Amino acid sequence: MTEAVKDAAVAPTRPAAVKSADRTVELLEVLASFDRRLTLTELHRELSYPKSSLYMLLQTLVARGWVEVEPDRGTYGIGVRALLVGTSYLDHDPVVRTAIRVMEQVRQEINETVHLARLEGDDVVYLASRESEHHLRVVSRVGRRLPAHSTALGKALLSARPAADAAALVPESIAPLTANTVTDRDALLAQLDDFRRVGYSFEREENTPGLGCFAVALPYRNPVTDAMSCSVPVARLTPDHEKQIVDALLGAARTLTELLRQPGLTPL
């Protein structure tokens, strides 16, 4: 018996269902990544699956409510079932459930929009928001993903980690989201060092024109994965208001960290 045959004989057989599961997840992720519906041809170009298999997979997901179709245009988009499952994730996450109460207290104290986000890879994913009473045309970011290096939330999380670990999560080439995004990698790493010293982070119009943001990491676990932030229009950002925001966030971080470190509340 050859070595190749021996290896094949002892190698675990990958269940056929895994391939279907992989394709299903990839398809949903592609649909979720676009801000418009896609045609079968466009999905085929993105995924390179056989068109017949892709079509049958789409029809299965449409029947289950995970994908919606516009018959007149022949375009597909993410379905309501995906929203229900995503909402369930938030409903069952102990950090989100605990943070909501503290976030509301911060919002009432400073009357600005407060966010909670989690680091996933080199991005941050927004988990919860409490909107300011000021009339701002800001779309809720819950469920949205942004590069960590361009957000105060991400910078707070990166600066809460050792410098080498943080550097590994900063891309070599940084694409700007706005004209104010820090795109020089060395400058960004130096900025993270400064934030590491002061215990909070900030950015001005780096991902949203007209808005500044301050953030603090929540060190209830190691490595740190979650952070809280406050967004504020730069036109309303005075030195006194900035201090009020930073003090409120630091106090909230201490309170929330103490709550989340209670035995059995969150996995470490």
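E68 stands opposite G77 in strand 3, and that pairing is a handy way into this predicted model. Strand 3 (residues 75-78) runs antiparallel to strand 2 over four bridges. Residues are numbered from 1 along each chain as its sequence is written. Local features need pLDDT of at least 70, side-chain atom pairs count only at pLDDT 80 or more, totals for chains, interfaces and linings use all residues, and side-chain values use heavy atoms, with hydrogens and water left out.

- Strands here are DSSP runs of E with at least two residues, helices are runs of H or I with at least four, and both are numbered from the N terminus.
- Two strands count as paired if DSSP finds at least two bridges between them.
- The sheet is open, with three strands in the order 1-3-2 and antiparallel pairing.
- Its edges are strand 1 (38-39) and strand 2 (67-70), each pairing on one side only.

**Strand 4 and its partners**
- Seven of the eight residues of strand 4 (residues 113-120) are buried, so the rest of the structure largely encloses it; buried means under 20% relative accessible area, exposed over 50%, and partly exposed in between, with a 1.4 Å probe and protein chains only.
- Strand 4 pairs antiparallel with strand 9 (residues 226-233) over six bridges, and there H115 has S229 as its bridge partner.
- Strand 4 also pairs antiparallel with strand 5 (residues 123-130), over seven bridges, with V114 opposite R130.
- Two residues sit between the strands in the hairpin of strands 4 and 5, where G121 takes a positive phi near 65°.

**The largest pocket**
- About 1,300 Å³ of space lies in the largest pocket. The volume is the space filled by probe spheres set on grid points, which are joined across faces, edges and corners.
- A pocket is an open set of points on a 1 Å grid over the protein atoms alone where a 1.4 Å probe fits, with protein on both sides within 12 Å along at least five of seven lines; lining residues have an atom within 4 Å of a point.
- Of its 27 lining residues, A32, A82, G86, V125 and G143 are closest to the centre.
- Helix 5 gives the largest share of that lining, seven residues.

**Q191**
- Q191 is found in helix 9 (residues 185-198) and is buried, with a relative accessible area of 18%.
- Leaving aside residues up to four places away in sequence, Q191 touches K155, V182 and E206; contact means heavy atoms within 4.5 Å.
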